[in-house]
Amino acid sequence: MALPPEIRILDNSEDLFQAAAVEFAALASEAVRNKGRFCVALSGGSTPRGLYTLLAKDAVPSLPWGRICFFWGDERHVPPDHPDSNYRMAYEAMLSKVPVRLQNVFRIHAEVRDAEAAVVAYEQDLRTFFNLRPGEFPRFDLVFLGLGPDGHTASLFPGTTALSEKDRLVVANWVEKFKAYRFTLTLPVLNQSACVIFLVTGEEKSDILREVLENPGADLPAQKVRPTDGRLLWLVDRAAASGLPKQTKGNARLASS
Ligand code: 6PG
């Protein structure tokens, strides 16, 4: 049953990252207690770097790093050492600084020039790891997502073919404005998650955030993320929330430190 989205407004990005880190720790210890492992899909872009840095600083009670399995929600078609690589960002900010097991880090091999081959390989990694039967989708314990100025999330951009994918777990999505492929988990996978957390900071996101949360008819990719049997949490800072109507702010949990 789709739970109503939770919106939490934090004073600033530091508080937002702290709140996200606390959620991460709580979900990690619960999953490890229940299943022996915690499966998380990381987001890319610039926003989550602050969170990854905080997690690496042990800002929250001891994390079961050895039991955390890392995946990516999306990736750019570049090698892992490229400045645009989402893997590289997470590696530099967190994974290179914490006792994670390398065999638990499942990056998209975006250095493979054949975009289709790269996603076929990642789909196989996911199917093997989650021991999926045909037609089944993986259930991540947690998926972090961001929000682009055009309403995209992961690499699900408005008007792109990936939005209508119903069967595959990950696709190579041609994004005309970048004249490049982006690799992205599909909506069926995102909506199979136990918990999705959007991280949105900065005044420059206030218009699109209002559109996503207040205009159901906008038909934006980020609006299509509604876990069928899981939590949907929007962690936004005051600047990003500045365009939201009073009532939404009133209903949102104002979580100041
Ligand atoms: C990516 C992301 C993308 C990102 C948004 C927001 O690879 O770029 O996964 O979906 O989350 O574009 O990006 P910023 O956090 O940089 O604003």
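Author: One definition is needed at the outset: a residue counts as buried under 20% relative accessible area and as exposed over 50%, with partly exposed in between. The model discussed here is predicted.

Reader: Is Glu75 buried or exposed?

Author: Glu75 belongs to strand 4, which covers residues 74-76. Its relative accessible area is 2%. The limit for a buried residue is under 20%, and therefore Glu75 is classed as buried.

Reader: How far apart in space are Glu75 and Asn215, C-alpha to C-alpha?

Author: In sequence, 140 residues separate Glu75 from Asn215. In space, the distance between their C-alpha atoms is 28 Å.

Reader: Which side chain has an N or O atom 2.7 Å from an oxygen atom of the ligand?

Author: Polar contacts are counted within 3.5 Å. A backbone N or O atom of Gly44 lies 3.5 Å from a ligand oxygen, and a polar side-chain atom of Asn86 lies 2.9 Å from a ligand oxygen. The side chain with an N or O atom at 2.7 Å from a ligand oxygen is that of Lys205.

Reader: What share of the area that the ligand exposes alone does the protein bury?

Author: Taken alone, the ligand exposes 410 Å². Of that area, the protein buries 88%.

Conventions. Residues are numbered from 1 along each chain as its sequence is written. This is a predicted model: local features need pLDDT of at least 70, side-chain atom pairs count only at pLDDT 80 or more; totals for chains, interfaces and linings use all residues. Side-chain values use heavy atoms; hydrogens and water are left out. A polar contact is a pair of N or O atoms within 3.5 Å; within protein, one must be able to donate a hydrogen and the other to accept it, and residues adjacent in sequence count only if both atoms are side-chain atoms. Accessible areas come from the Shrake-Rupley method with a 1.4 Å probe; for residues, only the protein chains shown count as cover. Helices (H or I, at least four residues) and strands (E, at least two) are DSSP runs, numbered from the N terminus. Buried means under 20% relative accessible area, exposed over 50%, partly exposed in between (1.4 Å probe, protein chains only).
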